[in-house]
Amino acid sequence: MMFSNHFYPLLLLERKMSADNQWSADEEEGQLSRLIRKSRDSPFVPVGIAGFMTVVSYGLYKLKYRKDQKMSIHLIHMRVAAQGFVVGAVTLGVLYSMYKDYIRPRFFSVSKK
């Protein structure tokens, strides 16, 4: 580990204080299960991640065939495309959430008799 000797005893002290055998579900949850849970809560998160990775992969592939284009310009275009995809996915997620919470219950609610 790359901790300096100054902070390492503090980290050990903090770890000892929190180890009271009372574990919550959040502390034992791994990163993959956390990603799966969050993707169920908001399904456009994995779409944004996949789109970002696709744009970056394509941009790195095209880096070889950029001809006369400067490297900085190519990287700026790649970053803008990846950020645009993520912002689009977040926007779609917000619109879907608004539809699910406000529009669908108002217009498609079943009246109780």
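This is a predicted model: local features need pLDDT of at least 70, side-chain atom pairs count only at pLDDT 80 or more; totals for chains, interfaces and linings use all residues.
The protein chain has 113 residues, and 8% of them count as buried. Its secondary structure consists of five helices and zero strands, so that the order along the sequence reads α-α-α-α-α. The accessible surface amounts to about 10,400 Å², and carbon and sulfur atoms account for 63% of this area. Where contacts link residues at least 6 apart in sequence, 48% of them join residues at least 24 apart.

An unreviewed UniProt entry places the feature "transmembrane region" at residues 43-61 and 81-99. In the model, residues 43-61 are 95% helix and 0% strand, with 28 Å between the end C-alpha atoms. For residues 81-99 the figures are 100% helix and 0% strand, and the end C-alpha atoms lie 27 Å apart.

Helix α5 covers residues 71-107 and includes Tyr 99. Tyr 99 counts as partly exposed because its relative accessibility is 34%, a value between the limits of 20% for buried and 50% for exposed. Tyr 99 also contributes to a nonpolar surface patch of about 1,200 Å². Other members of this patch include Val 90, Leu 92, Tyr 102, Ile 103, Phe 107 and Phe 108.

His 74 is also found in helix α5. With a relative accessible area of 9%, His 74 is buried, since the cut-off for that class is under 20%. What does His 74 contact, leaving aside its neighbours within four places in sequence? The residues in contact with His 74 are Gly 59, Lys 62, Leu 63, Arg 66 and Gln 69. Of these, Gly 59 falls within the annotated stretch 43-61.

Technical notes
Residues are numbered from 1 along each chain as its sequence is written. Side-chain values use heavy atoms; hydrogens and water are left out. UniProt positions are given in the numbering used here, feature names are shortened, and annotations may be inferred rather than shown by experiment. Helices (H or I, at least four residues) and strands (E, at least two) are DSSP runs, numbered from the N terminus. Patches are made of residues with over 30% relative accessible area and no salt bridge: like charges are joined within 9 Å, nonpolar side chains (Val, Leu, Ile, Met, Phe, Trp, Tyr) within 5 Å. Accessible areas come from the Shrake-Rupley method with a 1.4 Å probe; for residues, only the protein chains shown count as cover. A salt bridge is a side-chain nitrogen of Lys or Arg within 4 Å of a carboxyl oxygen of Asp or Glu. Buried means under 20% relative accessible area, exposed over 50%, partly exposed in between (1.4 Å probe, protein chains only). Contact means heavy atoms within 4.5 Å.
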